[in-house]
Amino acid sequence: MQPFELVTVTSVPDAVKAQSGSPTAQQGATVRFIAGGTNLVDYMKLNVETPRQLVDINGLGLDKVEPEPGGGLRIGALARNSDVAHHELVKAQYSVLSQAILSGASTQLRNMATTAGNLLQKTRCVYYRDVAYGCNKRQPGSGCSAIDGHNRTLAILGVSDHCIANNPSDQNVALMALEAVIHVTGAKGERTIPIGQFYLLPGETPQRETVLEPGDLITHVTIPALPEGTKSLYLKLRDRASYEFALASAAVAVKQNGPHIEFARVALGGVGAVPWRSHEAERVLHGKAANAANFRAAADAALKGAKPQSQNGFKVELAKRCLTYALAQAAAHKESAHA
């Protein structure tokens, strides 16, 4: 780990000012915000991240989980994952989010990790984590070692010739299905970013992962109210039952009108370069009968554009089965599905 300076701020304007001098809000930033530190400190130990200054934002008070006046939910950027997952409103109205959070990491990590930190969570690609290997995300222009290397756990959707790393988060898959909105304060003022516009596909610039600019601070996330009667669920498939990242996961929200699907939201995890919203699957489901054939058709549509590598072709069928089963469980009004 490289030496660094730790400074503490007590207001959002001070935090923005402290970080806005950093040359980039992405990989290589010389000034970084730190809250729980469960992801950043990990990469600092590996010399993947080498900031010269950390700005401690834990004193900003952005840790509340509360209902929005007009319906929906507001989650502070510094709300700890455990607090969000166990919050009564989250469990009652957005069970997919509670289930997703509880399926990830460990109790100790969830007690420290924050909502905003999870939004910015880095990939677990072994080549990103090892500075001895070329990685375009870590060092642009150095190549993607994963394409011809160990890629069993990596992405099959949204990949490019420059990067096939996958987004590791469970929380963010649920937030994608819930159409969350990310609220940011930066050097140019406040703005809102729908989560579907927040993440950037790798393309030719995999080092740039989000639309955040230098000085941007996530202050909170809002989730719109779901239609009354909607059932939501998160299903995660992985190599072991706990403390493991997804090989494939599905976050779904479904409302039926009689035997037919009136409302559907679908997102996939473990398989995408970003938390993967599938509008294609949603279009297949809308107005159709809630049955196995239509669930499978939606899964086929969701994975139509998959580009598997040498070792992760199995993820195509695995993700299809994961989504098919998650939809069936949600339609059957079953509120818990961990695997």
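With a relative accessibility of 3%, Leu178 counts as buried in this predicted model, because buried means under 20% relative accessible area. Leu178 sits in the loop between helix H8 (171-177) and strand S6 (181-186). Leaving aside neighbours within four places in sequence, its contacts are Tyr94, Val96, Leu97, Ile223, Pro224 and Leu226.

Apart from residues up to four places away in sequence, Leu102 touches Ala85, His86 and Arg110. The C-alpha atom of Leu102 is separated by 8.3 Å from that of Asn81, and the two residues are 21 residues apart along the chain.

The view can now be widened to the nonpolar core. The largest nonpolar core has 69 residues, and the members that touch the most others are Leu97, Ile218, Ile223, Leu268, Leu303, Leu323 and Leu327. Helix H12 gives the most to this core, with 8 residues. Two of the residues listed here, Leu97 and Ile223, are also in contact with Leu178.

Two packed helices are described by the angle between their axes and the distance between the axes. For helix H11 (residues 292-302) and helix H12 (residues 314-331), the angle is about 140° and the axes are 8 Å apart. This angle makes H11 oblique to H12, because an arrangement counts as roughly antiparallel when the angle is over 145 degrees. The crossing of the two helices, H11 and H12, is right-handed.

The residues that meet at this crossing can be picked out one by one. From H11 come Phe295, Arg296, Ala298, Ala299, Asp300 and Ala302, and from H12 come Glu317, Lys320, Arg321, Leu323, Thr324, Leu327, Ala328 and Ala331. By class, the contact of H11 with H12 has 8 nonpolar, 1 polar and 5 charged residues. Leu323 and Leu327 link the two parts of the picture: both meet H11 from H12, and both are among the residues that touch the most other members of the largest nonpolar core.

How values were computed:
Residues numbered from 1 in each chain as written. Predicted model: local features only at pLDDT ≥ 70, side-chain atom pairs only at ≥ 80, totals over all residues. Heavy atoms only, no water. Axes fitted to C-alpha atoms, helices over the stretch in contact; angles between N-to-C directions. Helix = DSSP H or I, 4+ residues; strand = E, 2+ residues; numbered from the N terminus. Parallel < 35°, antiparallel > 145°, perpendicular 65-115°, else oblique. Left-handed = near helix turned anticlockwise from the far one by under 90°. Contact = heavy atoms within 4.5 Å. Nonpolar A, V, L, I, M, F, W, Y, C, P; charged D, E, K, R; others polar. Core = buried A, V, L, I, M, F, W, Y, C linked by side-chain atoms within 4.5 Å. Buried < 20%, exposed > 50% of the residue type's maximum accessible area, 1.4 Å probe, protein only.
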